[in-house]
Structure formats: C-alpha cells, structure tokens
Number of protein chains: 2
Amino acid sequence: MARQYAIGVDLGGTTVRIALVNHEGHVRHAESYRSQATRGPEPLMDDMAAWILEVIDAGRATRDDVVGVGIGSPGPLSPSRGIVFKAANLPGWVNVPLCRAMRERTGLPTVMDNDGNLAAFGEYWAGAGKGVENIVMLTLGTGIGAGVVVNGELLHGHFENAGELGHTIVVPDGRRCSCGQRGCLEQYASAANVGKRVAEAIRNGEPSRLAGLVEEGVTFGSRKVVEAAGEGDVLAARIWDEACYYLAIACVNIQHAYNPSRIVMAGGMSKAGAFLVEAVRRHFKLLTWDLHDDSPDIRIAVLGDDAGVIGAAGWAWKAEDEGRWDQPPGF
Amino acid sequence: MARQYAIGVDLGGTTVRIALVNHEGHVRHAESYRSQATRGPEPLMDDMAAWILEVIDAGRATRDDVVGVGIGSPGPLSPSRGIVFKAANLPGWVNVPLCRAMRERTGLPTVMDNDGNLAAFGEYWAGAGKGVENIVMLTLGTGIGAGVVVNGELLHGHFENAGELGHTIVVPDGRRCSCGQRGCLEQYASAANVGKRVAEAIRNGEPSRLAGLVEEGVTFGSRKVVEAAGEGDVLAARIWDEACYYLAIACVNIQHAYNPSRIVMAGGMSKAGAFLVEAVRRHFKLLTWDLHDDSPDIRIAVLGDDAGVIGAAGWAWKAEDEGRWDQPPGF
C-alpha cells in the first residue's frame, strides 16, 4: 500500500508544532511542544526527532507510512542546501545543517523552507488559496512575514530570500525598523506595531480609552486596538485605518510586482476578519490603477495556526510527488 | 543543416525594429521602419510581414533558415493567447490576435510578449544579465517599464501583467500618475518626469540654467537635467539626486520582492551611465537592511536600443529549443 502521510514541522522560538498530514492536506494528528530554545540546536533537534515519532504513533501510523518530513524554520536560511544561517528567536542557531541533521535522526527524507513561505504554501495547497496557482500571503504578527506562490511553486530568488514583503519600503524616510531600514511596511501594519503606534500617540497626549494600559506599562497589539476602535475610540480607529491603508498600498505593489489572483492575510491581525479585509479592500479600490482590470482578490486565511505545519507537510508531499527529495521543489 | 536564425520584432507606436538574430544572440541584420500607426492594425501587420521577409533577405538568408518570430508589443496583452488587448500608442489595436495574424502572413511560428519583458529577456540572454538566472530590468524612458526574469523564465503572474514596477507606489498620496494612481515610481524617476519636475520647480520660481527652455515652452527630459547638473546647476542636481534616491528605494523593494542577483537599468536615463548608477548604488547602500547580505548588483544595460529585438528573438529561440511554440515559455 502506498504511504499515506507526510510530517509537517513548524519550528519556532517558543513552540514546535508537528503534524501528521495526508495527501489531501488533512491533519490526522498534531501536537505542540515547548521549544526551550535557549539550550541550542543539538538538544532541540534530538527532541524534534523524538516528537516526530510520537506524533506518528499518536496518529496510529508507523514510520513506514510516512513519505518524509517538511520543516518550516525562521531564517535567513537556504532551502536548497538545507541550512539555517541564523534565526533571531533560536539562540545558537548559526549555519545549522537542519535537513541533514534531522534526516540522520529520523531516517526520513527531509526538506525545509522559510516558515512564512511554508505557511503561504499551506494556504495555497489546502486553504484560502486552494484552486488558484498564484497567491501571495502576508502574515501580520509581531512583524510581517510573507510567501509568494507563482504557478504553484514557491518563489525564492537568487539569494533564496524573495518575498520579504514586510521590509519593502512604503514610507520614504519613515519609521525606523529593527532591520536597519526606514519606512518598512511592518512598522505601519503589523499586529504589534499597530499597538505600538497607538501607545506612542497616547504618550504624545492624544486621548484614548487605552491610555490606562499605557500608564500601567502594559504592551498591547492589534486585538486591543480593534476592540477600542469598535467601542468608538477615535485614536484606535485612526491608527487601525492607517494600517489598513498601508496594507492596501502593499497590495497594489504586490499586484504590480507578481500579478497574483489572490492575496491572503494571516497572523494575529487577521483575526479581525471583515474589520480588516473590508477596510483594506476599500483603500485598495481607491489606490489601484484604472489601466487594466488585474486586481487580486483580497481575503483572510482559513488554516489559522496550522497553516505552517500543513504547508510544511505539503512541501514534503511535493518533493515526494516530483521525486526530488535531493533537489527540493521551488525556484 | 539546422536553421540558424530567429526574427525579433520590437513593435512601437513610432518605429518597428526588426532583427535577424542567431542562436548566440548576435544580430546578423536589423532595420527600423516607420510604424505609421494611425492607419490601424491590419495594414501595419501586412507591412510587418513584408519587412520581416526584407530583413531575412538583407541578412542573406531565406525563410527556411528561420525558426520563427518573437514580437515585443506594448500592452496590456496576453502572451499565452497571443492577443494585444490595447496599446496606448497603437490606435485601433483592441483585442488584436497578433500571433495568429502574423503566423498567417509569414508562415512562421510566432510568439509574443510585453515589450518591457522582452527587453529584459534580451539583457538576460545576451547583455548585462548574461550568466545569471535572476535579473530585474528597469527601462527608464517616458515612463518606467520593467521585466522580471526568475530562473531564466519571464515572470507573468495570473493576469500575465507582472513586473509593472513603474506603477508601484513609492510615495503614499504622492504625485498623480496617468494610470490613475498616486505616487507611482515613474512619476519620480523616469527620464521624462525628471525633466518635468525640474520645469515645475522653475515655474515655481526656483533658479536654474534651464529656465530659458521653460520660458520658450521647450519640453526636456533627463539628458538636459544631467547636462545642467554637470555644469553645477543646483536645482537640476537636486532633482536628479532625488530620482536616484527613489530608484534606490525601488531597488530595495525589488531586492525583497524577487531577490535577484542583478538589477539592470536601461532606457534614455541610463545613458547617464556612472552618473546614474553610482548615485543609485550610494543611496541603495544607505537604504537597504543589514539583516542579511543579499544585495543585488546594480548596473547599466549594454544592448541599447537592440535589447527589444534581441530579447524577442531570444524568446523565439526559447520556444524553439523547448519545443513549445503552441504553448509559449514563461510562467
């Protein structure tokens, strides 16, 4: 009988999520584990190999039922060489040969890619991008991650770092970003930065029902801002609308850069649902050109926190289906 | 004996350039003809077919030596369907089945693509992009055209209109563009708009040695601005430097969007050579991130006005080499 499952791993600084996923993108079993990342790469990779076997077992399968493993990791990294160069939230991860190390530990063929790329690939394969071949996904979290699918393949580029759309410049000489640039998209429209901008305005004397939190020194993100805006808070509503305006500018630039049929929004900020997507669509309509009708459909992701593991497993399935475990898919 | 040539056609509102090009990208013979575009598509396509035979003949070849024809056309258009939807400088061109019509007239297999795409493909194949697989070309003329080569293929996207980088927004709520948007790159950094911005500043009372031209009602582009800047004109130098700054922002965004190894500048403004590319590189270095060393090499195109015909012929060669005349290359 043909092997029925692939393993998807979403490696993060706080949590490692692992799922057993079938060829249609359905999760048979999934678990989340504490990374305890401060201990460095070797013990964590030992644990990951054990956790993979645990998840296979919990899904009532055996290693022989599994075609291989796909891993989404923070980067920068090289999918083609299977190496993590470094990762902000994984201390001590410097030039780690993740694919080889995991292959040795599990005996299973392994591919890897950027976590933002594989979340996008998950939505493309089994979520909000199903049925279309060209999508771009923006993950609106602490920063803004992104993944670009062109004709069913992940876009990598020469340095294998394409689709870093959170760091495209939307405001010349704008807000300073931790990446060293100024005016990056993620400084205006990530879940964390929306909260940060409201807090800054409050500290500059603007009235808001979130002033109490700022006084208490509480850090908040987009959820609190959306709540306050919904209750009529003028400052929160303004900053939220500005974030949607900058996301719409990003969507216009994505339209002209990649010409996808769909743009999908994921991450913490996307939990605002219609409150997010309708505002982005409204700004987009006012901002985009009238030369040619090539507007993408803008919508909310559907896989939630499982996009990463589903996409990682889908990437493994793709390597299996195309017979290129040694030369991972994508371009 | 194997056939030695492909025909490249660069179709424009003023001029049609046609070249006989060998498999190495060398031009055996080329001619330019007046389009007389006001007469509409049918007579022009009749002429183009006759001109193609003329160029073959002048190159001391016969139709049997030619594998096929590649045509670069203004758009929007569909390369896969071989149709020009419309073209600003070609009156009466509405939904013209250019590939089929030319195939019927010449008896030669024919592919087509956006003119900016094929100029980029020309530089990739036989010019400033030779030897690398991921390049982006910006053509700085009246507007800003662009073409994106990913792993040796032209990027098209779902609506076949990817790489319209002249219309990415670099200044939120900025200068109005003829496309209906505001703040498009081409409003700040095309050859024509650099001249226009100097003229506007002069009309607003700023001193410049180009004031005489403005008084006489003469329209000028980047060449005059570069000359004046070279002679110490403060206004011209400032507008030129601003244009290079916005081009550098575009290069940062190209870096993060496509991650190419090379960005090539072509078109009228690129005739400034080092005066352009060194200023863009200087701004780029100050603007780009320090997270990861994935900066593209920024340089000037080398094929000049023949990039279009060479790229069109190269596109025909690619269709021949890959045996897909009926299903043109690219994605």
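**Exercise 1. Work out how α3(B) and α10(B) are oriented.**

Solution. The end point is that α3(B) and α10(B) lie roughly perpendicular to each other, because their angle falls in the 65 to 115 degree class. (Angles under 35 degrees are roughly parallel, those over 145 roughly antiparallel, and the rest oblique.) Now the steps. Take α3 (residues 115-126) and α10 (residues 307-321), both of chain B: they pack at about 80 degrees, with axes 7 Å apart. Axes here are lines fitted to C-alpha atoms over the stretch in contact, and angles run from 0 to 180 degrees between N-to-C directions. Helices are DSSP runs of H or I, at least four residues, numbered from the N terminus.

Before going on, a word on the model: it is predicted, so local features need pLDDT of at least 70 and side-chain atom pairs 80 or more, while totals for chains, interfaces and linings use all residues. Residues are numbered from 1 along each chain as written, with chains lettered from A and ligands numbered from 1 in the order written.

Next, the residues. On the α3(B) side, Leu118(B), Phe121(B) and Trp125(B) are among those that meet α10(B), whose side includes Ile310(B) and Trp315(B). Contact needs C-beta atoms, placed from the backbone, within 7 Å. By class, the α3(B)–α10(B) contact has 10 nonpolar, four polar and two charged residues. (Nonpolar: Ala, Val, Leu, Ile, Met, Phe, Trp, Tyr, Cys, Pro; charged: Asp, Glu, Lys, Arg; polar: the others, Gly among them.)

**Exercise 2. Do likewise for α5(B) and α7(B).**

Solution. The axes of α5 (residues 191-203) and α7 (residues 222-230) of chain B come within 7 Å and cross at roughly 60 degrees. That makes α5(B) oblique to α7(B). Ala191(B), Val194(B), Gly195(B) and Val198(B) of α5(B) make the contact with Ser222(B), Lys224(B) and Val225(B) of α7(B). Sorted by class, that contact has four nonpolar, two polar and one charged residues.

**Exercise 3. Check the length and setting of α8(B).**

Solution. (The expected span is 1.5 Å times one less than the number of residues.) Then, 20 of the 25 residues are buried, so α8(B) is largely enclosed by the rest of the structure. (Buried means 20 or more other C-beta atoms within 10 Å; exposed, 12 or fewer; partly exposed, in between.) After α8(B) comes Asn259(B), with a positive phi near 55 degrees.

**Exercise 4. Describe the side of chain B that touches chain A.**

Solution. In chain B, 38 residues are in contact with 40 of chain A. Helix α8 (residues 234-258) of chain B gives the largest share of that side, six residues.

Notes:
Two residues are in contact if their C-beta atoms, placed from the backbone, lie within 7 Å. Helices (H or I, at least four residues) and strands (E, at least two) are DSSP runs, numbered from the N terminus.
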